[in-house]
Structures are given as C-alpha cells and as structure tokens.
Amino acid sequence: KLMEKMDEERMNIGKALGIKLTSAYDQLIEYYGERGLSTMTEYISSSKGPYTEVKGFGLSSRYIIEDVPYLLVAASSIAKLCSVETPVIDLAIKLASLIMETDYIKTGYYYDNLSDII
C-alpha cells in the first residue's frame, strides 16, 4: 500500500509539471497483461502477478540500490521544486539509506544533475 502512496506522490509531481503520467498499476497491466487484479498491491503480491520470482532477492537488489537513488531521490528533488509533498517517498529514501548504510540523498540524482545523464 505504501507503493501505491508513492505512486500517487509521483503522479502529483507529474500533475504539477503539467505532464500526464501513467500510473504504476496501468504500467503493470501494459507490460504484463490484465490478470484480474484490481490494485497495484494485489498485482504485486498475488501469485497471479509477475513478481512471485522477486521474493528473496534481498536488500541489495536493484529495487533498492538503483531505484532509491536514481528514481526516488530524483522524484523527491523535483517535487520540492514544484512544492509537492512526498512524505512516503522521502521516508523510503531515509529508511533505505539507514538499512543499507548508504546516504542515497548524497549519491542520488537531483534535478540539477539529471542533465548529466540525459
């Protein structure tokens, strides 16, 4: 359910920028097909979903070491420019940083260094 809240925050960033983003749930359906699951939480956690093989990847999977610094930190920094609150995204960044003993705020991408990678 926190992933749904993070996606809502991401959608709000797009709205503030005048960009119509596709929800993560709709992306799942587009990539993996309709599976009769009505929410992102069901899609991700159900045995009918595509992620049953993700369990057991551990904390050093790309879902932490790539998505946090390169997606969540970037989203949070852009949100601040747009005055969009991202409490769940910010909490996920802080929690991942503490667990992984890595300062993702310092190592991640910000709006001002995104042009370096594009």
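Let's start with helix α1, which covers residues 2-17; helices here are DSSP runs of H or I with at least four residues, numbered from the N terminus. Helix α1 has 16 residues and reaches 23 Å from its first C-alpha to its last, close to the 22 Å expected at 1.5 Å a residue (the expected span is 1.5 Å times one less than the number of residues). Keep in mind that this is a predicted model, where local features need pLDDT of at least 70, side-chain atom pairs count only at pLDDT 80 or more, and totals for chains, interfaces and linings use all residues. Residues are numbered from 1 along each chain as its sequence is written, and side-chain values use heavy atoms, leaving out hydrogens and water.

Which residues of α1 are buried? They are M6, D7, E9, I13 and G14, where buried means under 20% relative accessible area, exposed over 50%, and partly exposed in between (1.4 Å probe, protein chains only). Seen down the axis of α1, these buried residues fall within an arc of 155°, so they line one face of the helix; the arc is taken from the directions from the helix axis to the C-beta atoms. On the other side of α1, E8 and K15 are exposed. The buried residues pack against α2, α3, α5 and α6.

Now hop to T86, in the loop between α5 and α6. T86 counts as buried because its relative accessibility is 3%. Leaving aside neighbours within four places in sequence, T86 is in contact (heavy atoms within 4.5 Å) with E9, I13, S76 and A79.

Over in helix α6 you'll find I99, which counts as partly exposed because its relative accessibility is 45%.

Methods:
Helices (H or I, at least four residues) and strands (E, at least two) are DSSP runs, numbered from the N terminus.
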